[in-house]
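Here are my notes on the charged pairs. Please read them with the coordinates open.

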There are 2 protein chains.
Amino acid sequence: MTDRNALDELCINTIRFLAVDAVERANSGHPGAPMGAAPVAYVLWDRFLRHNPADPAWPDRDRFVLSAGHASMLLYSLLHLTGYDVRLEDLKAFRQWGSATPGHPERGDAPGVETTTGPLGQGFANGVGIAMAEMALAASYNRPGHEIVDHATYVLCSDGDLMEGVASEAASLAGTLGLGKLVCLYDDNRITIEGSTDLTFKEDVGARFRAYGWQVVGPVDGLDLGAVGGAIEEARGDSGRPSLVVCRTTIGYGSPKENTADVHGSPLGRDAALEAKTRLGWPREPEFLVPDEVADHMRHALDRGDAEERDWKERLAAYASEYGDLAVEFSERLAGKLPAGWDDGLDGLFGPGSDAVATRAASGKVLNSIAAKAPALFGGSADLAPSNKTSIDGAGSFAAGDHSGRNIHFGVREHAMGSIANGLAVHGGFVPYTGTFLTFSDYMRPPMRLAAMMGLRVVYVFTHDSIGLGEDGPTHQPVEHLMSLRAVPNLSVFRPADAGETVEGWKAALARRDGPTALVLSRQKLPVLDPDEFPGVRSAGRGGYVLWESGEGQPEVILLGTGSEAHVALAAGRELAGRGRRARVVSLPCWQLFDGQPREYRESVLPPAVTARVAVEAGVTLGWEHYVGLAGETVGIDRFGASAPYQTIYEELGITAASVVARAEVLLRV
Amino acid sequence: MTDRNALDELCINTIRFLAVDAVERANSGHPGAPMGAAPVAYVLWDRFLRHNPADPAWPDRDRFVLSAGHASMLLYSLLHLTGYDVRLEDLKAFRQWGSATPGHPERGDAPGVETTTGPLGQGFANGVGIAMAEMALAASYNRPGHEIVDHATYVLCSDGDLMEGVASEAASLAGTLGLGKLVCLYDDNRITIEGSTDLTFKEDVGARFRAYGWQVVGPVDGLDLGAVGGAIEEARGDSGRPSLVVCRTTIGYGSPKENTADVHGSPLGRDAALEAKTRLGWPREPEFLVPDEVADHMRHALDRGDAEERDWKERLAAYASEYGDLAVEFSERLAGKLPAGWDDGLDGLFGPGSDAVATRAASGKVLNSIAAKAPALFGGSADLAPSNKTSIDGAGSFAAGDHSGRNIHFGVREHAMGSIANGLAVHGGFVPYTGTFLTFSDYMRPPMRLAAMMGLRVVYVFTHDSIGLGEDGPTHQPVEHLMSLRAVPNLSVFRPADAGETVEGWKAALARRDGPTALVLSRQKLPVLDPDEFPGVRSAGRGGYVLWESGEGQPEVILLGTGSEAHVALAAGRELAGRGRRARVVSLPCWQLFDGQPREYRESVLPPAVTARVAVEAGVTLGWEHYVGLAGETVGIDRFGASAPYQTIYEELGITAASVVARAEVLLRV
C-alpha cells in the first residue's frame with residue numbers, strides 16, 4: 001500500500017492533471033488555478049468536507065463554493081473522484097455543447113455544483129448568504145439535544161474575488177453578523193491576468209479581514225498539507241467569527257510557466273503539459289489518468305457520506321418524533337413549498353373604498369401578511385427599509401447575537417445583498433427578498449442575472465420607481481431601469497398600478513419556482529382600482545389585461561400603461577371617450593407574464609387590427625414598440641429626470657393624460 | 001470685532017441653518033449630515049481649500065468632492081458663502097424645478113460642483129480618479145522649478161459611502177498607487193437610515209484603510225476645529241499615501257433628534273428647527289440668515305482665490321516661455337481639444353485585402369494609433385488588458401513609483417474603474433477609456449449612468465460581446481447587455497461589424513464632447529468589409545447605413561444586423577438574392593447615432609414602405625421592434641447562452657443565415 005503522504009500526492013496530482021488534460025482536450029480553459037490550489041482543495045475535501053456524493057441534495061451537507069469559477073476543472077475533478085455522478089466522459093467533454101462540465105460551474109449542470117460562479121466576487125458573497133441560511137435555519141429549528149441543522153460553508157476564492165467590491169461588502173457584513181461557520185480559503189497566488197498583484201493589489205488582505213471582524217489564519221504554505229489542515233482546523237474552531245485561511249500557492253504549479261499570468265487562462269500546450277507531468281513525476285500518458293489507489297481512496301467519500309447522512313436521518317427522525325410540526329415545516333421549507341393558505345386574506349387587504357396608497361406601502365402590507373404564514377420569507381433592505389417598506393413587523397433583526405431574527409440589515413450594500421439573496425436561495429429553506437430604490441438596481445445587476453440564470457426564486461422589492469420620487473433628482477430617478485430589467489432573460493418585472501395589482505405581483509413572484517421577480521413600486525400614492533369597477537385587476541397575474549374601455553365593440557385606439565402611468569392612460573381614455581372615441585385602456589404590469597399567455601388571450605387584449613396605440617410610461621421609450629409597433633406612439637422619458645416636486649416633473653416632462661390624448665388624436669386623424 | 005472662535009462658530013451655524021432652512025422650505029431633503037459635518041467642512045474650506053470662487057474652472061484649484069451627495073445643502077451653503085455664483089435665492093429654490101440647487105449635487109447646475117454625487121460610493125471613487133488625473137498631469141507637464149500642476153483632492157464621505165463596494169475597490173487601488181494628494185474626510189456619525197451602524201458595519205474602518213496602504217488620521221472630534229485642522233495638516237503632510245481623516249460627528253447636531261436616523265432624510269419640522277436654533281444660540285428668524293461678519297469672513301475666499309490663481313497664471317506664463325510646446329499641449333488638453341491630425345492614418349489601418357480580424361484587435365490598433373498622437377488618452381482594463389487589447393504599447397504603467405505611465409491597471413474592479421474614469425474626465429485633461437468583457441458592464445452601470453448624466457467623454461471598451469466568446473459559457477456571454485446599454489439616455493453604444501466600422505466607432509467616440517460611448521467588440525475574427533465593395537462602411541459614423549443590396553429599386557425585404565451578425569445578415573441577403581428576392585442589408589452599429597440622423601437619411605436606409613424586415617443580433621430581441629415593427633421578425637437570443645465552441649453555439653441557437661432566410665421567406669409569403 002502506498003504510504004499516506006505518497007497517496008496524498010498522487011491524489012493531488014490526479015486532480016491537477018485531470019484539469020490539465022481536460023483543458024488541453026477542450027483547447028480552452030484555465031489550468032493555472034487548479035494546479036496551484038489542488039492541495040488546498042484536496043485537504044478540505046479529504047479531511048473536512050461532510051457531504052454525500054450519492055445524495056448531492058442532502059440538506060445538512062457542508063457547502064463548498066468555488067468562487068474562483070474559472071478553476072472549474074478543480075471542482076469537476078473532485079466531484080468525479082469522490083463519486084458524484086460526474087464521469088470521466090464528462091470531464092472529457094469539458095466546455096462542449098450540452099456537457100455537464102461547462103467552462104464555469106453552472107448550478108444544475110453537474111451534481112455538487114452549489115451555485116453558478118465565474119463572475120468574480122459572486123461566489124464569495126453567495127457563501128455569506130449560505131452561511132446566513134444555515135444559521136437562520138439552525139436558530140429556527142434546532143432544539144436542545146437536536147442539532148438537525150449544523151453544517152459548514154467553505155468558499156475557495158482567488159485574488160480577483162477579493163478585489164471585487166461585492167466581496168468587500170459581503171465580508172464586512174459577515175464580520176458584523178458573526179458567521180462563525182463560514183470558512184474562506186484564499187488561494188493567494190499573487191498573479192492575475194495582467195501580471196503580479198503588486199500592480200494593483202498591494203493591500204494586506206489579512207489585515208483588512210481582521211478589520212472586518214474575521215479570524216485570519218495563516219498565511220500557510222499551500223503545498224504543506226499539514227499546515228493547511230491545521231489552518232482549517234483553527235478556522236473551524238472559532239464559532240463566533242468567519243475565518244479567512246490565507247494559503248500561499250503557485251499558479252500553474254509544476255508547469256514551465258508556473259507563477260506567471262500565462263498559465264491562468266489558456267491551455268498549457270502539449271509540450272508544456274508533458275513537461276509538467278515529467279516535473280511532477282506523472283506518467284506522460286494516458287491522458288485523464290486516475291490511478292486505482294486514488295480512485296479507491298477518494299471514493300471513500302461515498303462511505304463516509306452515506307454514514308453521515310444516515311446518522312443525520314436518524315437524528316432527524318428523533319427530532320420529528322419530539323417536534324412533529326416543526327419537522328414537517330422544516331421539510332416543507334427545504335422542499336421549497338409554501339404552507340397552505342399562505343395567500344389567505346391577501347385579496348381582502350385593499351377592499352372597495354380603500355384610500356389611495358403607494359404601491360410600496362401596499363407591498364409592505366402584503367409582505368407582512370404572507371410573512372406571518374410563510375416563515376421562509378427572509379430578507380430586508382440595503383439601508384432603506386423604512387422607505388422600501390420591507391420590514392417584517394415584530395420579527396426581529398438577524399444579528400450576531402441572535403440569528404433568529406427575520407429582518408436582514410444589509411447596510412448600504414446593494415450588490416452583496418443580491419448575491420447573499422442568491423446564497424439564501426441556493427441553500428434552500430428560504431424565499432429571500434431584497435429592498436432598495438429602483439435606480440440602485442444598477443448596483444446589483446450581476447447577482448440578479450445569476451438568479452435568473454440559476455432559476456432562483458428571489459423577490460426584489462424596488463421602490464421609488466420613477467420621477468415620481470420627486471426632489472431627490474436624476475441620480476435617484478430611474479429612467480432606463482425598467483426596460484433594462486425587462487431585457488434580462490427569465491427575470492419577471494412586475495410594476496403594479498395599484499394595491500390590488502401589488503397583491504397579484506407578490507402572488508406571482510411567490511408562485512414562480514423557476515426564477516426571480518422584480519417588484520417595481522411607487523413612492524407616491526396611487527388610487528386603488530376597485531375590482532367592482534375594474535374587474536380586470538384580478539387578472540393582473542396574467543401580466544396584462546383590459547383595465548377599462550369606453551364601451552362595447554372594437555376600440556379605435558388602445559392606451560397602454562404600467563404602474564402609476566396606468567392611471568394616466570385611464571384618465572386619457574376617459575377624456576378620449578368624452579370626445580366620442582372608442583378607447584381601451586390596457587394595464588401591463590408584467591411583460592414577461594403577458595408574453596407567456598396564449599396568443600388568443602394576448603390578442604383579446606391587444607387586437608392586431610387596432611394599430612392606433614399609445615403607450616405611456618415614466619421611462620425610456622425604447623422597447624415599447626414591442627406593443628405599439630411602428631404605427632403607434634409612446635409617451636415616455638428619453639432623458640434623465642430632474643429635481644422638483646414630482647407633480648411638477650410629470651407636467652414638465654409631459655407624462656400626462658393630455659400628452660397621451662394629443663398623441664392618440666394624431667394617430668386617429670391619420 | 002467678533003473673536004476668532006466665535007466667528008468660526010457663527011460661520012458653522014450659518015452653514016447649518018442655511019441647510020435646515022432650505023430643507024424646511026423645500027419640505028424635503030437631508031438636514032442631518034450638513035448639521036453634523038459643517039465644522040469639518042468649514043475647517044477644510046476656510047483653512048485649506050485652494051480655490052477661486054470667481055473662476056470655478058481654474059485648472060489648478062483643489063478639488064472638493066461631496067461623496068455624501070445627500071448633504072448637498074452643506075456644499076451649496078459653502079458655495080454661496082465663499083462667493084460662487086450661487087445666490088441666496090438659489091438656496092431658497094432648493095429642490096425646485098430648474099434651480100441650480102437640486103436634491104443632490106449635479107455637475108453643471110451650480111458652479112463649484114465638481115461631480116454629480118448621490119449614489120453612494122461614487123464620489124469617493126471619483127475622488128480617486130481626480131487624484132490620479134492630477135498626478136498623471138503633474139508627471140507629464142511639471143518641470144524642475146515649474147510646478148504648474150499641484151493641487152489636492154478632498155473628499156467628504158459618509159458611513160454609507162464606505163459600505164459600498166465601489167469605495168473599497170477604489171480605496172485599495174488608491175493605496176497601491178500611492179495617491180498622496182488624496183485626502184478623504186470621513187464623516188463618521190455612526191448612523192444610517194436603518195439605525196446605528198452597529199447593525200451592519202461594526203468593522204474597524206481605520207484598520208481597513210491602513211490595510212489598503214492609507215495613512216489614517218484620527219479619529220478626531222468633529223467639533224474640535226483645531227483637531228480637525230491638525231488632522232488635515234497631517235494628512236497633507238504624507239505625500240506618498242492617500243489619507244483618511246476619521247472625524248467623529250453627530251448627525252443632526254443641535255436638533256432634538258440628533259444622533260438618530262430620524263434627522264437623516266426628512267425636514268426637522270418647524271418646531272424642531274426652531275428648537276435647534278435655540279439650542280445653538282441662533283436667532284429663530286429670519287430664515288436663511290447670513291450675519292454680515294460671516295459673509296465678510298467667508299468671502300475672503302474670493303481674494304485668496306484671486307491671488308492664488310494670479311500667482312498660478314504667472315507661473316504658467318513662466319513655464320510657457322520655457323516650454324512653449326508643452327504649455328500649448330497642456331492648455332489644449334485642459335480645453336478638451338484633441339491635437340490636429342489625431343485621426344490621421346486611421347482609414348488606412350485596414351486596407352483592401354486585410355485579413356479577418358476580431359474587432360477587439362482592430363480596436364487595439366486604432367487605440368494605439370490615436371494614443372500616439374493624443375496624449376490625453378489614458379486608461380486600461382479591469383485585469384483583462386491582454387484580452388481587451390486596451391494597452392498603449394510602450395507607454396508604461398501608471399504606478400506608485402512612476403505616475404507618467406499611461407496604462408492603468410485597475411485590477412478586477414470594474415465598478416471602481418468606471419467611477420475613476422468619471423473622475424479623470426471631470427478633472428479635465430484626459431479622455432479616459434476602460435476595458436472589460438461586455439458581460440461585466442453590469443458591474444459598472446452606476447458610473448456609466450453618471451457619465452451619461454454628466455455628459456462626460458469616456459470610452460468603454462467592451463470585448464467578448466456575445467456567445468461568440470464561446471467556451472467560457474453563459475456567465476461570460478452577454479445577452480441582454482446590448483439592449484440594456486442602449487436604454488441608457490445619452491450613452492452611445494457602438495457595435496462595429498468589422499475593423500473599418502471599429503475605426504468609425506472610435507472616431508465617433510472621440511468626436512463626442514457631450515457623453516460617453518460604449519464600443520462593443522467581438523472576440524472572434526470577422527472579415528474586413530472592403531470599402532470598395534461596401535462603400536457604406538465609411539458612413540458607419542452615422543450609426544446605420546445600407547451595407548449591401550441585391551440591385552436597384554425598392555427592396556422587398558430588409559435585413560438588419562450589428563457587429564458579427566451584420567455578416568450573418570449579409571450572407572442571408574445574398575442567399576435571398578440568389579433566390580430571386582430584392583434584398584437589402586443594413587448595418588446598424590449605433591442606434592443612438594442613427595436615430596439622430598435626419599429623417600430623410602433614416603428613411604433612405606429603412607424605407608417605411610418596406611415592412612418585411614428581419615433583424616439578427618446575438619442578444620435579446622426586445623427592442624428590435626424599434627426598427628422591424630410588429631410586422632417584422634428578429635432572430636435573437638431570448639435565453640442565456642451556453643458553453644461550447646462558438647460556432648456550435650451560433651448553430652444551436654439559430655443565429656444563422658439560414659434562420660434569417662427562413663424568417664424572411666415567411667414574411668415575403670404573407
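Which residue does Asp442(A) meet in a salt bridge?

1. The partner is Arg445(B), with N to O at 3.1 Å. A salt bridge here is a side-chain nitrogen of Lys or Arg within 4 Å of a carboxyl oxygen of Asp or Glu. Asp442(A) sits in the loop between β11 (431-437) and α17 (445-454) of chain A, and Arg445(B) in helix α17 (residues 445-454) of chain B, so the pair joins two chains. Helices (H or I, at least four residues) and strands (E, at least two) are DSSP runs, numbered from the N terminus. Both Asp442(A) and Arg445(B) are buried. Buried means under 20% relative accessible area, exposed over 50%, partly exposed in between (1.4 Å probe, protein chains only).

2. The model is predicted: local features need pLDDT of at least 70, side-chain atom pairs count only at pLDDT 80 or more, and totals for chains, interfaces and linings use all residues. Residues are numbered from 1 along each chain as its sequence is written, chains are lettered from A and ligands numbered from 1 in the order in which they are written, and side-chain values use heavy atoms, without hydrogens and water.

3. In chain B, Arg16(B) and Glu9(B) form a salt bridge at 4.0 Å, N to O. Arg16(B) is buried at 1% relative accessible area. Glu9(B) is partly exposed at 39%.

4. One network of salt bridges with shared partners joins Arg4(A), Asp8(A), Asp46(A) and Arg47(A). Asp46(A) and Arg47(A) pair with their closest N and O atoms 3.6 Å apart. Arg47(A) is partly exposed at 37%, while Asp46(A) is buried at 11%.

5. Over all chains, the search finds 78 salt bridges.
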